[in-house]
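I opened my notebook to look a few things up in this structure. Here is what I went through, entry by entry.

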Amino acid sequence: MNLLTSIQEQRAEVAVVGLGYVGLPLACRAAGAGLSVTGLDVDGTLIDLINSGQSPIEDVSSQELSEQIQSGRLTATTDPEVLNNADVIVICVPTPLKDELPDMSFIEAASKDVSRHLKAGQLVILESTTYPGTTEEFVLSILETSGLKAGEDFHLGFSPERIDPGNERFGLENVPKIIGGIDEKSTEMMEAFYSTFIDKVVKVSSPRAAEMAKLLENTYRHVNIALVNEIAILCHDLGIDVWEVIEAASTKPFGFQAFYPGPGWGGHCIPVDPAYLSWRVRQLGETARFVELAREINKKMPTYVVQRIGEALNNQGRSLKASKVLVLGITYKADVGDLRESSAIQILEKLAKSGADVGYHDPFVESVDLKGGRLSSVELNEETLSDYDIVMVHTNHSSYDWDFIAAHSPLVLDTRNALHGLQGNIVKL
Ligand SMILES: NC(=O)c1ccc[n+]([C@@H]2O[C@H](COP(=O)([O-])OP(=O)(O)OC[C@H]3O[C@@H](n4cnc5c(N)ncnc54)[C@H](O)[C@@H]3O)[C@@H](O)[C@H]2O)c1
């Protein structure tokens with residue numbers, strides 16, 4: 001049976017390489033659609049957890065995971081030999097930065113594993129966010145070390161993952177999936193595969209275009225976040241409430257999309273992905289100027305926030321040194337437990353370096369390792385709040401009772417406008 005027919009008849013065997021925030025939801029949804037899926041990860045502890053039906057991420061419930069594991073349609077392993085039996089292989093490994101440069105080691109290692117087990121007729125898809133050209137240059141050349149030829153012996157393409165962890169409205173199924181194969185046949189296979197569990201598939205002419213589309217989306221956010229962060233700083237200097245300004249500007253029914261300032265960016269995407277683009281552009285002898293300027297501004301926010309905490313304390317006749325500062329929420333975004341690139345880490349470390357006595361509360365993070373040692377989440381009660389000289393709102397988790405926080409904190413620096421309209425000693429970003 002050819003690959004297209006076995007995908008269409010849902011008999012295709014799928015292997016998902018990397019079972020993190022991207023790979024695990026994909027593996028579960030594909031299994032839920034009736035495909036037979038094997039997840040492959042280098043992390044043995046994670047594999048044991050997944051096979052026991054316990055989901056390590058918020059976007060996949062343990063119930064959904066257990067159902068798929070029990071049905072036998074989803075299994076997880078650390079053994080790359082499973083790639084031998086796969087018809088479709090999807091690579092979802094990390095693409096972080098190392099010394100501010102793309103770290104391609106995970107894609108390289110995963111591609112080498114795939115290459116060692118590559119069989120004629122397989123479809124290989126890269127989903128990791130990366131620079132344009134990765135699939136057709138970097139991955140393709142590693143896969144061809146198998147002796148098989150891309151396009152002739154196996155199919156290859158790129159499809160960016162666009163999930164937004166914690167978003168209850170838009171998930172894998174109802175966000176259109178961009179696909180770009182190295183040739184028409186590859187794109188056709190990808191369309192058949194994703195259509196089995198995703199509502200809408202959007203074809204582009206090449207993997208490069210698909211890679212670039214993802215970078216455009218993230219760079220768009222990166223640049224607009226920087227713009228609004230800069231506007232927030234200017235508004236503060238001008239004595240204007242930036243939140244009021246954004247609310248007013250948002251009443252324009254066209255031509256304006258609201259972005260909100262914050263204490264800094266975080267997560268695996270926005271602080272990281274645009275750097276993949278600037279790196280690629282630098283190889284051409286050019287500079288991605290917007291990207292780099294936005295990076296400069298966004299990177300400055302944690303320092304700015306520490307300055308603002310100092311300023312707020314100063315206005316109360318206190319100094320940062322020897323004051324007690326409570327950071328509320330330390331994950332990079334609300335209602336997820338993800339600490340990657342979270343600006344809260346830098347803020348806590350900068351505060352401690354300035355001599356402040358720091359603490360934090362986060363329902364998703366029991367403890368965190370900082371340069372100065374390990375810190376554990378404190379309980380959030382009246383006693384704790386009144387014990388701190390200032391509370392800085394970093395992440396607006398939906399479980400927080402803002403009335404309670406406003407009522408019992410001696411002073412708050414609210415970087416999220418979470419306490420809008422509440423009574424208390426509140427300073428806004
Ligand atoms: N997290 C997001 O919201 C998001 C959204 C869109 C795109 N992305 C992109 O998707 C990719 C994956 O991100 P993530 O958030 O899922 O990462 P993650 O760190 O949550 O998961 C990656 C997994 O890959 C495993 N892994 C690493 N090397 C491996 C190898 N050689 N073989 C098998 N497994 C390996 C790791 O152990 C880990 O479990 C990245 O390129 C990221 O930029 C992430």
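**Entry: two helices crossing.** I began with helix H6 (residues 134-143) and helix H8 (residues 207-238), whose axes come within 8 Å and cross at roughly 115 degrees. An angle from 65 to 115 degrees counts as roughly perpendicular, so I noted H6 as roughly perpendicular to H8. This is a predicted model, and I read every entry here with that in mind.

Which residues meet at the contact of H6 with H8? On the H6 side I found Thr134, Thr135 and Glu136, and on the H8 side Pro207, Arg208 and Glu211. By class, this contact has one nonpolar residue, two polar and three charged.

**Entry: the sheet.** Next I looked up an open sheet of five strands, and I wrote down its order as S12-S11-S15-S16-S17, with parallel pairing. Its edges are strand S12 (357-361) and strand S17 (426-428), each of which pairs on one side only. From one strand to the next, the twist averages 20 degrees.

I then picked out the pair at S11 and S12. Strand S11 (residues 324-328) runs parallel to S12 and is joined to S12 by five bridges. Within this pair, I saw valine 327 standing opposite tyrosine 360 of S12.

What lies across S11, S15, S16 and S17? I found helix H11 (residues 289-314) there, running at about 150 degrees to strand S15 (390-393). An angle over 145 degrees counts as roughly antiparallel, so I jotted down that word for H11 and S15, given their angle of about 150 degrees.

**Entry: two positive phi values.** Most residues other than glycine have a negative phi, so I stopped at the loop between strand S5 (97-98) and strand S6 (101-102), where aspartate 99 sits. The phi of aspartate 99 is positive, near 50 degrees. Glutamate 100 is in the loop between S5 and S6 too, and its phi is also positive, near 70 degrees.

Are they buried or exposed? Aspartate 99 has 5 C-beta neighbours inside 10 Å and therefore counts as exposed. Glutamate 100 has 10 such neighbours inside 10 Å, so I put glutamate 100 down as exposed as well.

Key:
Residues numbered from 1 in each chain as written. Predicted model: local features only at pLDDT ≥ 70, side-chain atom pairs only at ≥ 80, totals over all residues. Pairing = 2+ DSSP bridges. Helix = DSSP H or I, 4+ residues; strand = E, 2+ residues; numbered from the N terminus. Axes fitted to C-alpha atoms, helices over the stretch in contact; angles between N-to-C directions. Contact = placed C-beta atoms within 7 Å. Buried ≥ 20, exposed ≤ 12 C-beta atoms within 10 Å, placed from the backbone. Parallel < 35°, antiparallel > 145°, perpendicular 65-115°, else oblique. Nonpolar A, V, L, I, M, F, W, Y, C, P; charged D, E, K, R; others polar.
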